[in-house]
Amino acid sequence: EMPDGTYELVSGHRRFHAMTDILKWTSVPCITIKYNDDEITRFMVHADANTKTRNKSIRYWIAEIKHAREVLADSGFEGTKEEENAKIEEWLGISKAQIYRLTGIAGMHPSILELDRYGLSAKAMYMAVSLTKEQQKEVADTAVKAAEESDDGQLTASMFLSIVNEVQRKDEKPKKLRSYREKLSGSATTFLKKLSAAKKEEDKAVALDTIRILRTELDELEDHLLGH
């Protein structure tokens, strides 16, 4: 309840409009909480309620991070970017690596974010962060076509990585020596081919174990490279 006797809807906006606009309810049951003058406290209540009830999509987390930065700025926070991210990590319960990645995606061409409808994860989207906006748009257009032509209509991380590398190579000047990016790309492609070559059941079991171990090691390496 606000000081002037009105109410602010903290969570459940879509449910409220569904009930009033579609079902034509004249009243909607709700839980009321006391208004707090402190903006940070109000944000914490909002974040806690939404995190428990909402589908936490990539767009959701990007919006929450943006909102958290605005609250910090309005509160007069003067810490470093690292300290700011630490605050957001504490408030939202997501890692600094995720915050860094999602912030990068928010600054990319909007068409990249649209790829989430084809099942592409934030970690995969971030592979295109170093490209120009024009390249990102080209990657997104190519990825949409690839997803629509696939058997299941989905876009895997390996498909997306191949498209990113293809677009980047096309715009790069020829070099005598292979760049670090090219070396990594070649190694990743070779390794993925080896994993996907598993045909026998025992080979598949080994491949799955390797993928699980690699996933953990990649997360740890990412945190290390981001300085966390």
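Trainee: Leaving aside neighbours within four places in sequence, which residues is Arg 69 in contact with?
Mentor: First, this is a predicted model, where local features need pLDDT of at least 70 and side-chain atom pairs count only at pLDDT 80 or more, while totals for chains, interfaces and linings use all residues. Residues are numbered from 1 along each chain as its sequence is written, and side-chain values use heavy atoms, with hydrogens and water left out. Contact means heavy atoms within 4.5 Å. With those sequence neighbours set aside, Arg 69 touches Lys 81, Glu 84, Asn 85, Ile 88, Ile 99 and Thr 103.

Trainee: Is Arg 69 buried or exposed?
Mentor: Arg 69 sits in helix α3, residues 58-74 (helices are DSSP runs of H or I, at least four residues, numbered from the N terminus). Buried means under 20% relative accessible area, exposed over 50%, and partly exposed in between, with a 1.4 Å probe and protein chains only. Arg 69 has 18% relative accessibility, so it counts as buried.

Trainee: And Ile 22, buried or exposed?
Mentor: Ile 22 belongs to helix α1, residues 13-22. Because its relative accessibility is 67%, Ile 22 counts as exposed.

Trainee: Which helix gives the most to the lining of the largest pocket?
Mentor: A pocket is an open set of points on a 1 Å grid over the protein atoms alone, where a 1.4 Å probe fits, with protein on both sides within 12 Å along at least five of seven lines; lining residues have an atom within 4 Å of a point. Several helices each supply at least two lining residues, including α5 (96-106) and α9 (157-171). With 9 residues, the top contributor is α10.
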